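Subject: Structure for you to look at

Hello,

Here is the structure I said I would pass on. Please open it and keep it beside this email while you read.

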Amino acid sequence: DRLAKRAQQGKPTESQVVVIFTDGEENASRRFNRSEVFELIEDRKSKGWVFVFLGANLEAFGEGEMVGVAAKNLRMFDASDAGMKDALLFTSKAVTGYRKKSLYERLASTEDFFADFDALDENRDDDTTP
């Protein structure tokens, strides 16, 4: 509704970033099945939306890809207080960096959301990034 109202008012389209954050426990929806979620995500991706998936287990990559999240937009994190804090902080920094990009740069990074931060992360000594 917000996007439709902005369009009616002649305002520019806003970038949409959806972060799916799961601890790997029961994720079954009572409203949508997996294929419906996949279709919803694909529809929004075709409109320029970005989807990021953070999961607390080894299945995070498979689960994220099964609903249509790009492989380079998936991250695993440690299912601990510190791991969750680090994952949220890392994602917050990535979203802030994304918002600072030009529209062209944002569109170019929709399937590789963490690219700028992965390069920075290679220079880190500690292992706190998801």
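With which residue does R34 form a salt bridge, and how far apart are the closest N and O atoms? The partner is E63, and the closest N and O atoms are 3.2 Å apart. Before going on, note that this is a predicted model.

R34 sits in helix α2 (residues 34-45) and E63 in helix α3 (residues 60-66), so the pair links distant parts of the chain, 29 residues apart. R34 is partly exposed, with a relative accessible area of 38%. E63 is also in the partly exposed class, at 31% relative accessibility.

Other salt bridges

Seven salt bridges turn up in a search of the whole structure. One of them joins K72 to D112, with the closest N and O atoms 3.9 Å apart. K72 lies in the loop between α3 and β3, while D112 lies in the loop between α5 (103-108) and α6 (115-121), so this pair ties together parts that are 40 residues apart in sequence. D112 counts as partly exposed, at 23% relative accessibility.

D116 forms a salt bridge with K101, and here the closest N and O atoms are 2.9 Å apart. D116 belongs to helix α6 and K101 to the loop between α4 and α5, 15 residues apart.

Three strands make up an open sheet, in the order β1-β2-β3, with parallel pairing. β1 (17-22) and β3 (74-76) are at the edges; each has a single partner strand, so one side of each is left without a neighbour in the sheet. On average, neighbouring strands are turned by 15 degrees against each other, direction ignored. Helix α4 (residues 81-100) packs on the sheet and touches β1, β2 and β3. The direction of α4 makes about 170 degrees with that of β1.

Six bridges join β1 to β2 (residues 50-55), and three join β2 to β3. V17 stands opposite V50 in β2. F53 is the bridge partner of I20, and on the β3 side F53 has L74 as its bridge partner.

Is β2 buried or exposed? Six of its six residues are buried, so β2 is largely enclosed by the rest of the structure. Both faces are covered, with V50, V52 and L54 buried on one side and F51, F53 and G55 buried on the other.

Regards

How values were computed:
Residues numbered from 1 in each chain as written. Predicted model: local features only at pLDDT ≥ 70, side-chain atom pairs only at ≥ 80, totals over all residues. Heavy atoms only, no water. Pairing = 2+ DSSP bridges. Helix = DSSP H or I, 4+ residues; strand = E, 2+ residues; numbered from the N terminus. Axes fitted to C-alpha atoms, helices over the stretch in contact; angles between N-to-C directions. Contact = heavy atoms within 4.5 Å. Buried < 20%, exposed > 50% of the residue type's maximum accessible area, 1.4 Å probe, protein only. Salt bridge = Lys/Arg side-chain N within 4 Å of Asp/Glu carboxyl O.
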